[in-house]
Amino acid sequence: MNPKENQFPQFGLCLSNERYAASLEVGKVYRVIRDDDAAAQGYIRVIDESGEDYAYTTDRFHLIQLPIAVEKVLSSAS
């Protein structure tokens, strides 16, 4: 795996679910999907409560880098 690719945050902590209460839970960690086009527009793509990936404004999340062991557990649970 490319070391630079490994540095991309794989998870985001939800800070706001205003207008999206059914799709996002504040305080929950969501899997982030890299989407450079969305990022260029100020959005982050996450797998939300529906199980599908959607783009939300970046200010709704705090990107986090987790230890590899934790990422593996969370990724396998998705």
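**Terms.** Residues are called buried under 20% relative accessible area, exposed over 50% and partly exposed in between (1.4 Å probe, protein chains only). The model shown is predicted, so local features need pLDDT of at least 70 and side-chain atom pairs count only at pLDDT 80 or more, whereas totals for chains, interfaces and linings use all residues. Residues are numbered from 1 along each chain as its sequence is written, and side-chain values use heavy atoms, with hydrogens and water left out.

View 1. Aspartate 48 belongs to the loop that runs between strand S3 (43–47) and S4. Aspartate 48 is buried but takes part in no salt bridge, the nearest side chain of opposite charge being that of arginine 45, 9.1 Å away (Lys and Arg count as positive, Asp and Glu as negative; His and the chain ends are not counted). When residues up to four places away in sequence are set aside, aspartate 48 touches Ser23, Leu24, Tyr30, Tyr54 and Tyr56, contact meaning heavy atoms within 4.5 Å.

**View 2. The salt bridge between lysine 28 and glutamate 49.** Of the four salt bridges in the structure (a side-chain nitrogen of Lys or Arg within 4 Å of a carboxyl oxygen of Asp or Glu), one is formed by lysine 28 and glutamate 49, whose closest N and O atoms are 2.8 Å apart. This pair links distant parts of the chain, 21 residues apart, with lysine 28 in the loop between S1 and S2 and glutamate 49 in the loop between S3 and S4. Lysine 28 is partly exposed at 32% relative accessible area, and glutamate 49 is partly exposed at 31%.

**View 3. The salt-bridge network of Asp35, Arg45 and Asp53.** A network of salt bridges links Asp35, Arg45 and Asp53. Arginine 45 meets aspartate 35 at 2.8 Å, N to O, and aspartate 53 at 3.2 Å, N to O. Aspartate 35 is partly exposed at 21% relative accessible area, arginine 45 is partly exposed at 21%, and aspartate 53 is partly exposed at 33%.

Methods: Helices (H or I, at least four residues) and strands (E, at least two) are DSSP runs, numbered from the N terminus.
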